[in-house]
Amino acid sequence: MSHGRFDNPLQAALAGVNDLYRSQPLAAKLTDDLRLDGRTVFITGASSGLGFAAAMDFAARGARVLMVARSGVPERAAAIRDATGNGDVEMMQADLSDLEQVHRVADWLTDRGPLDVVVENAGMASPRATPTPQGLEAMFVTNYLSKFVLIDRLLSDGTIPNSVVHGGPTSAPKPRIVVVSSDSHQGASAIDWDEFGVLKPFGVNGAINNYSYFKLILNTWAVELSRRLAPDDRVDVFVHVMCPGPVNTNIIREAPWMLRGMLKAIFTVFFRSPIVAARPLVYIAGHDDFAHETGRYLHMFRPKRMDPKCYDRTEGQRLWKRSQALVAGVR
Ligand SMILES: NC(=O)c1ccc[n+]([C@@H]2O[C@H](COP(=O)([O-])OP(=O)(O)OC[C@H]3O[C@@H](n4cnc5c(N)ncnc54)[C@H](OP(=O)(O)O)[C@@H]3O)[C@@H](O)[C@H]2O)c1
């Protein structure tokens, strides 16, 4: 059964182009005088595309930046240190589709915490189902489940200071978790609980379908997380979601060569550069505008509602329990 919004990658790319022509009312609000000195920002998927551009921007604004990816370690961190003159940039190598490695990332971060901002950015669009060491599917784990595990560890360890899960003191300004998603989640189907976490084969069209569906799952978790981290309406840790809009990145690197050629042409002509697309991410991660209300969603610089299914409390609680069950015993 198909769960996603798009039936093929070209349809998804053209929908992205269409998004670019909508207004972005807050675009002028991110200015060069936003400084992040004294803050520690951790970002996943920082070797390429949006993640690398955002890491560069965070470092240029004075933040201490911690990065993770499978490749480009440590050269991509060195490139940021050289370009910005900020020496406080470190990088760890990990494959986030392997949950044991996700725990190693948590250990690495705990040695370097506390974290002020965590950006869950890593994502992939794999043209086929790939099993992980835990017998799960790699895109499902990279794009959703690894984030559930990592944030759970960082909150339990107090690496993201919080009083809700860890019971420790909270910091000022309050920590922030930003989840990089995709507006393609709008219109994906409700979560299929019979198939949740099941490794099932898929091809290129199934991949783009699953991509949007896994982003719906991701957003449903992010909304549930935002509720759990704001008990009695008192926000302990802010949780926000954003979509960068169409960006000319390496996300299609695994597509079959002919399709990749067609998509790359669309990406190159119409999509925005990672540096431009990272601006709303930097804004939502660092600006005081996002230190009042939790659970906000930006589509580029446009505040928006997510798909209504993402706000369903019963679904959010069920997702939490089913995710916990999937990762139980992995450490
Ligand atoms: N491009 C777009 O038009 C677009 C639109 C909407 C949303 N997004 C979202 O933006 C985010 C960033 O994607 P991008 O477009 O910048 O693509 P990208 O250039 O391919 O970057 C993806 C990043 O994620 C990392 N990554 C992928 N799988 C990983 C794994 N298993 N373990 C660790 N790191 C992994 C990659 O690093 P390594 O390969 O070195 O591990 C890379 O740094 C994703 O969440 C994507 O869904 C993109």
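Predicted model: local features only at pLDDT ≥ 70, side-chain atom pairs only at ≥ 80, totals over all residues.

Colleague: How many residues of α6 are buried?

Modeller: Helix α6 covers residues 204-228 and reaches 36 Å from its first C-alpha to its last, close to the 36 Å expected at 1.5 Å a residue. The helix is largely enclosed by the rest of the structure, because the number of its 25 residues that are buried is 21.

Colleague: Which element supplies the largest share of the largest nonpolar core?

Modeller: The largest nonpolar core has 62 residues, and Tyr144 and Trp221 are those with the most contacts inside it. At least two residues of this core come from each of β2, α4, α5, β5, α6, β6 and α10. The largest share is twelve residues, and the element that supplies them is α6.

Colleague: Which residues does Tyr144 touch, not counting residues up to four places away in sequence?

Modeller: Tyr144 is one of the two residues with the most contacts inside the largest nonpolar core, the other being Trp221. Once residues up to four places away in sequence are left out, Tyr144 touches Met139, Phe196, Phe214, Ile217, Leu218, Trp221, Leu319 and Ser323.

Colleague: How many residues does the other core have?

Modeller: In soluble globular proteins, nonpolar side chains tend to be buried together. Another core lies apart from the largest one and includes Ala69, Ala77, Val117 and Phe301; its number of residues is 38.

Colleague: Is Ser146 buried or exposed?

Modeller: Ser146 lies in helix α5. Leaving aside residues up to four places away in sequence, Ser146 touches Leu96, Leu99, Val102 and Val141. Its relative accessibility is 2%, and the cut-off for burial is under 20%, so Ser146 counts as buried.

Colleague: What accessible area do Tyr21, Val269 and Phe270 have together?

Modeller: Val269 is found in helix α7, residues 257-270. Val269 counts as exposed because its relative accessibility is 62%. Tyr21, Val269 and Phe270 form a nonpolar patch on the surface, and their accessible area together is about 380 Å².

Colleague: Which residues are linked with Arg104 in a network of salt bridges?

Modeller: Arg104 forms a salt bridge with Asp107, with the closest N and O atoms 3.0 Å apart. Because they are three residues apart in helix α4, about one helical turn separates Arg104 and Asp107. Arg104 is partly exposed, with a relative accessible area of 35%, and Asp107 is partly exposed at 28%. The residues linked with Arg104 in the network are Asp107, Arg153 and Asp157.

Colleague: How far apart are the closest N and O atoms of Glu224 and Arg227?

Modeller: Glu224 and Arg227 are three residues apart in helix α6, so about one helical turn separates them. Both Glu224 and Arg227 are buried. They form a salt bridge, and the distance between the closest N and O atoms is 2.9 Å.

Colleague: Is Asp307 buried or exposed?

Modeller: Asp307 forms a salt bridge with Lys309, the closest N and O atoms being 3.2 Å apart. Lys309 counts as partly exposed at 30% relative accessibility. Asp307 has a relative accessible area of 5%, and so is buried.

Colleague: What is the phi of Met300?

Modeller: Met300 lies in the loop between β7 and β8. With a relative accessible area of 1%, Met300 is buried. Met300 is not a glycine, yet its phi is positive, at about 55 degrees.

Colleague: Where is Asp232 placed?

Modeller: Asp232 has a positive phi of about 55 degrees although it is not a glycine. Asp232 counts as exposed because its relative accessibility is 73%. Its place is in the loop between α6 and β6.

Key. Residues numbered from 1 in each chain as written. Heavy atoms only, no water. Helix = DSSP H or I, 4+ residues; strand = E, 2+ residues; numbered from the N terminus. Expected span 1.5 Å × (residues − 1). Buried < 20%, exposed > 50% of the residue type's maximum accessible area, 1.4 Å probe, protein only. Core = buried A, V, L, I, M, F, W, Y, C linked by side-chain atoms within 4.5 Å. Contact = heavy atoms within 4.5 Å. Patch = residues over 30% accessible without salt bridge, like charges linked within 9 Å, V, L, I, M, F, W, Y side chains within 5 Å. Areas by Shrake-Rupley, 256 points an atom, 1.4 Å probe, with all protein chains shown as cover. Salt bridge = Lys/Arg side-chain N within 4 Å of Asp/Glu carboxyl O.
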